Structure formats: C-alpha cells, structure tokens
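Subject: Structure handover

Hello,

Here is the structure I promised to pass on. Please open it alongside this note; my findings follow below.

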Amino acid sequence: MLQHKLLGRKTLQPLLLTISLVTISLLPIPPSLAETSSIPRPSNAPLELDLLTKPKGAVITANTIDPKGLTVPSLWWAQENSENKLLDNWIAYPLSEKEARRVDLVVNQQIWSLLSYLERYSFVNRLGSLARKDGYNVRIFNYQQELLATYTCNFQIDPALCNIRINAQNRLGLKKV
C-alpha cells in the first residue's frame, strides 16, 4: 500500500507538470509593448483619386516626370514589369507634419481578385520593399477606394522594422465574413 502511494505521487507530479505546461502553452501570448508600438499604424487618410489627373504640390504619380532626374520613389519599372498589369497607378505623398511619407498604389481589382494570398503577399512585399528604400510606407487600393493591403515601417530604427497586412478576400473579390 505504501509503495502504491509513493508510485502514485511519482506519476502524479509529472502529470500535473505536463497539464500545467500544456495549459500555459494554449494561452494566447500578448505581444510586448515594444512589438506593438514599434511599427506605426497605416495612415487612415482617404485615397485621393483626383490627384491621379491633377497632382498638387510635391505629390508624385505614375504620370509625373521630373526633367532634372529620377523621381523618388521610382515605381515605373515595377509598374511596367507588374505581372498581368496588376499595378495600374500610384500616388506618392511627401513627408508632412501629420503624416509619414507614403505611396498609395492603385491596382486592377479584377487581377487582384484572381491572385492567391501568397501571390498578393509577394506583390505587397516586393513593392513595399522598393518603396521602403526611399522611406515610404505603402497602402494598396482598388479604384473603388477599398483598402486591400498595407506595408508599414518604422524608419526610426535601423534596419527599418516593417509589417504587412492584407485584407482577407476570396477569389471573387468579396470580403470573407
């Protein structure tokens, strides 16, 4: 009987430890304050489609040409090489007192909706990395002014820490509920 009680304790302790570890591992781990505050949220400014035809001030679009040299950010090559002409146009906003530099990309919704999640991610990452080199955050829209994805960086640290967000949509372009 004494041996049975000792054996029961020996197996009970590891069992309780295992249950405790499994329970702890199932709990969601909240991100640390440093992780959540280090990357700024994407701009919530509306997409200004009228700037595509009538740029103002230092705003740059796909139709802007700088006679003195290369315009920054330079997304023309990316637009020309965009698979199936996915990237249609863009608007680049300079740094302001209220907002960081950003580029609003306008994509062809029909082509975007045919892409898989990984293809969308690859596109966002490729164009976001290109814009990041010039210190720009990226937002991706369709012509209906729906925000499809963002690539946002904290440029205060080196190397810049960035975050990609892609809105969930099915292949028909309808948002999943």
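Which residue in E3 stands opposite alanine 92? It is valine 103. That pair belongs to strands E2 (residues 87–93) and E3 (residues 102–107), which run antiparallel and are joined by 6 bridges.

Before the details, a caution. This is a predicted model. Its mean pLDDT is 76, and 63% of the residues reach 70 or more. Over residues 21–25 the pLDDT stays under 50, and the model shows 0 contacts there beyond four places in sequence. Where pLDDT is low, the predicted coordinates should not be read in detail.

Overall layout

The protein has 5 helices and 6 strands. From the N terminus, the order is α-α-β-α-β-β-α-α-β-β-β. Of the 177 residues, 34% are buried. The accessible surface comes to about 12100 Å², and carbon and sulfur atoms hold 60% of it. Among contacts with a separation of 6 or more, 56% link residues 24 or more positions apart.

The sheet

The 6 strands form an open sheet in the order E1-E2-E3-E4-E5-E6, with mixed pairing. E1 and E6 (161–166) stand at the edges with a single partner strand each, so one side of each lacks a neighbour in the sheet.

E5 (residues 147–154) deserves a look. E4 (residues 137–141) runs antiparallel to E5, with 4 bridges between them. Valine 138 has tyrosine 151 in E5 as its bridge partner. The E4 and E5 hairpin has 5 residues between the strands, and glutamine 145 takes a positive phi near 65 degrees there.

E5 also pairs with E6, again antiparallel, through 6 bridges. Here alanine 149 is bridged to isoleucine 166 in E6. This hairpin has 6 residues between its strands.

The disulfide

The count comes to 1 disulfide. Cysteine 153 is joined to cysteine 162, with S to S at 2.0 Å. The link is right-handed, with 105 degrees about the S-S bond. Are its two ends buried or exposed? Cysteine 153 counts as buried, because its relative accessibility is 2%. Cysteine 162 is partly exposed, with a relative accessible area of 25%.

Valine 59

Where is valine 59 found? It is in the loop between helix H2 (33–37) and strand E1 (60–61). Its relative accessibility is 12%, so valine 59 counts as buried. Which residues is it in contact with, leaving aside neighbours within four places in sequence? They are Leu51, Thr64, Ile91, Ala92, Tyr93 and Pro94. Tyrosine 93 lies 34 residues from valine 59 in sequence, yet the C-alpha to C-alpha distance is 5.1 Å. Alanine 92, on that contact list, is the residue opposite valine 103 in E3.

Helix H5

H5 (residues 117–132) has 16 residues. From its first C-alpha to its last it reaches 22 Å, close to the 22 Å expected at 1.5 Å a residue. Its buried residues are Arg120, Phe123, Val124, Leu127, Gly128, Ser129 and Ala131. An α-helix has 3.6 residues a turn, so residues three or four places apart point the same way.

Over to you.

Best wishes

Key: Residues are numbered from 1 along each chain as its sequence is written. This is a predicted model: local features need pLDDT of at least 70, side-chain atom pairs count only at pLDDT 80 or more; totals for chains, interfaces and linings use all residues. Side-chain values use heavy atoms; hydrogens and water are left out. Helices (H or I, at least four residues) and strands (E, at least two) are DSSP runs, numbered from the N terminus. The expected span of a helix is 1.5 Å times one less than its number of residues. Buried means under 20% relative accessible area, exposed over 50%, partly exposed in between (1.4 Å probe, protein chains only). A disulfide is a pair of cysteine sulfur atoms within 2.5 Å. Contact means heavy atoms within 4.5 Å. Accessible areas come from the Shrake-Rupley method with a 1.4 Å probe; for residues, only the protein chains shown count as cover. pLDDT is the predictor's confidence in each residue, from 0 to 100. Two strands pair if DSSP finds at least two bridges between them.
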